[in-house]
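Hi,

Here is the structure I promised to pass on.

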Amino acid sequence: MMKIAIVGGGAAGMMCAATIAEKNPEGAEVFLVEKNSILGNKVIISGGGRCNVTTGIQNIDEVLKKYPRGKNLLKFAMYNFSPEKVYQWFENHGVPMKTEADLRVFPRSNNGGDVVGVFENIFKKNDAEMLLKTKVDSVEKFGDKFVLIFADGGELEVDKLVVTTGGQAYKKTGSTGDGYSFAEDLGHSITALAPSLNAFILKDTWVKDLAGVSFKKAGFKIVGEKTSKFEGAFLFTHNGITGPAVFALSSLAAFDLADLKKEVTMFIDFFPEFNYEEMSVKIKKALQENPKKSFVNTLDFFIPKSLAEVISNNLQIKAGKINAEIGKIEINKTVEWLKNATITVVGRSAGEEFVTAGGINSKEIDPKTLESKICPGLYFAGEILDVDGFTGGFNLQAAWCTGRLVGESLIP
Ligand SMILES: Cc1cc2nc3c(=O)[nH]c(=O)nc-3n(C[C@H](O)[C@H](O)[C@H](O)COP(=O)(O)OP(=O)(O)OC[C@H]3O[C@@H](n4cnc5c(N)ncnc54)[C@H](O)[C@@H]3O)c2cc1C
């Protein structure tokens, strides 16, 4: 009987093991090896405990656009087990789903534990072999066989090896990036790795005066190796910025932001729908119509008062200065602030979701099976791949569909 080891009982590993268990309970002996005492630690805490399982976007080409890296590798797996199929799969396994207005899909119970419960039931029903509290230290290949060496000294010999150890974000969940070294030992190369989907800590001390102030639409830009831009909603925190547009930018510019020991300059456009000229006309008009009003109280026609105060402090415009006294240079500087505010990123803080960009070099993997082109019998699925997406259920979707494809490749 063919022996298969799946190392890592997270989203991808569980889906891979469940696919095999449901397809062919008797044809193969499967070992799901997980170092934690429970399965799916990260899945349980995902989406703030609610688990944003997948996306409600149905057009797969649109879905693939949400992955700054890895769309080519992912394409086949995504068509094979699309967000719609994932939604249906969980419903068919007794977990009703719902799609929220922003197209994020959650279990109706808002409980990530229910998602993991599906897999636990499948494994119980099929008597799957789960090696919990079992940390794999290293893997070796001898002829056609793989040998897993456990931290407690035990060994396991198998015919096929699936590595689903995840990325290295939120290490306390167990995903510490061990699989990268297993892959390297078996001949693979790993691309540069960088954190993605995080909020930022800023050097600019004025942000604390804006904590909690949100904007429906602003443009963000980083000029690094390449220029990365994104428009969307964001929020100031007590020490930085967060929100969907910030997470998206952290993803697009993940490698320019990889080393935050160096400060990184970022630009915010608070009015992406107007150009400089249009913004300037708007402000001049407001000043002319209200000559006796204070500048700050006029700026707050356009922006929250706290931001108006930060801008006038920064431009050293005295509190109470009236519009009739505001000159052309001050207007131009205000427009520059609103259209191209410079902020300095000095660190990252966890977002709702947090992933590792980069992973196993996609060129070394067959996208139709996710089998290694370098080491036959070795497969990869989930975040360990060089695949990562925006927030909104795209990272779990990638884990489900790649885990599924490996399961189907192993038991056709
Ligand atoms: C806080 C947070 C919230 C998130 N929320 C969402 C969300 O709502 N929606 C979404 O789409 N994505 C979300 N993500 C991302 C998503 O959870 C991951 O991309 C996804 O879990 C990756 O699945 P995976 O199976 O590849 O890896 P993981 O789920 O990380 O699983 C890897 C498993 O391998 C085990 N392991 C590692 N090394 C070894 C070893 N040596 N021996 C044995 N076992 C080992 C780990 O213990 C772990 O259980 C979130 C991430 C974080 C950190």
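The shell around the ligand draws on both parts of the chain, with at least three residues from each of domain 1 (2-193 + 358-410) and domain 2 (196-354); these bounds come from an automatic or database domain assignment. Before going further, please keep in mind that this is a predicted model, in which local features need pLDDT of at least 70 and side-chain atom pairs count only at pLDDT 80 or more, while totals for chains, interfaces and linings use all residues. Residues are numbered from 1 along each chain as its sequence is written.

Back to the ligand. There are 42 residues around it, and G8, G10, G166, G174 and G382 come nearest (a residue is near a molecule if its C-beta atom, placed from the backbone, lies within 6 Å of it). Two or more residues of the shell come from each of α1 (11-23), α2 (41-45), β16 (341-357) and α13 (394-410). By class, the shell holds 16 nonpolar, 18 polar and eight charged residues. Here Ala, Val, Leu, Ile, Met, Phe, Trp, Tyr, Cys and Pro count as nonpolar, Asp, Glu, Lys and Arg as charged, and the others, Gly among them, as polar.

Now the two domains. Their centres, taken over C-alpha atoms, are separated by 39 Å. Ten residues of domain 1 and eleven residues of domain 2 make the contact, where two residues are in contact if their C-beta atoms, placed from the backbone, lie within 7 Å. On the domain 1 side, five of the touching residues are nonpolar, four are polar and one is charged.

For the chain as a whole, the C-alpha trace spans about 85 × 40 × 35 Å along its principal axes. Its secondary structure comes to 13 helices and 17 strands, with helices (H or I, at least four residues) and strands (E, at least two) taken as DSSP runs numbered from the N terminus. Of the contacts between residues at least 6 apart in sequence, 75% join residues at least 24 apart.

How much of the chain is buried? Helix α8 (residues 244-252) is largely enclosed by the rest of the structure, because eight of its nine residues are buried. Among them are F247, L249 and L252.

The largest nonpolar core has 103 residues, and I6, A17 and V162 have the most contacts inside it. Such a core is a set of buried Ala, Val, Leu, Ile, Met, Phe, Trp, Tyr and Cys residues joined through C-beta atoms within 7 Å. This core, too, takes at least three residues from each of domain 1 and domain 2. Leaving out residues up to four places away in sequence, A17 touches I6, V30, L32, F123 and A128. A second, separate core of 13 residues includes V310, I311, V335 and L338.

Finally, two backbone angles to look at. Most residues other than glycine have a negative phi. Y170, in the loop between β10 (160-163) and α7 (178-185), has a positive phi near 55°. Y170 is buried, with 20 other C-beta atoms within 10 Å. L197, in strand β11 (residues 194-202), has a positive phi near 65°. L197 also counts as buried, with 26 C-beta neighbours inside 10 Å.

Best wishes

Note on methods:
A residue is buried if 20 or more other C-beta atoms lie within 10 Å of its own, exposed if 12 or fewer, and partly exposed in between; C-beta atoms are placed from the backbone.
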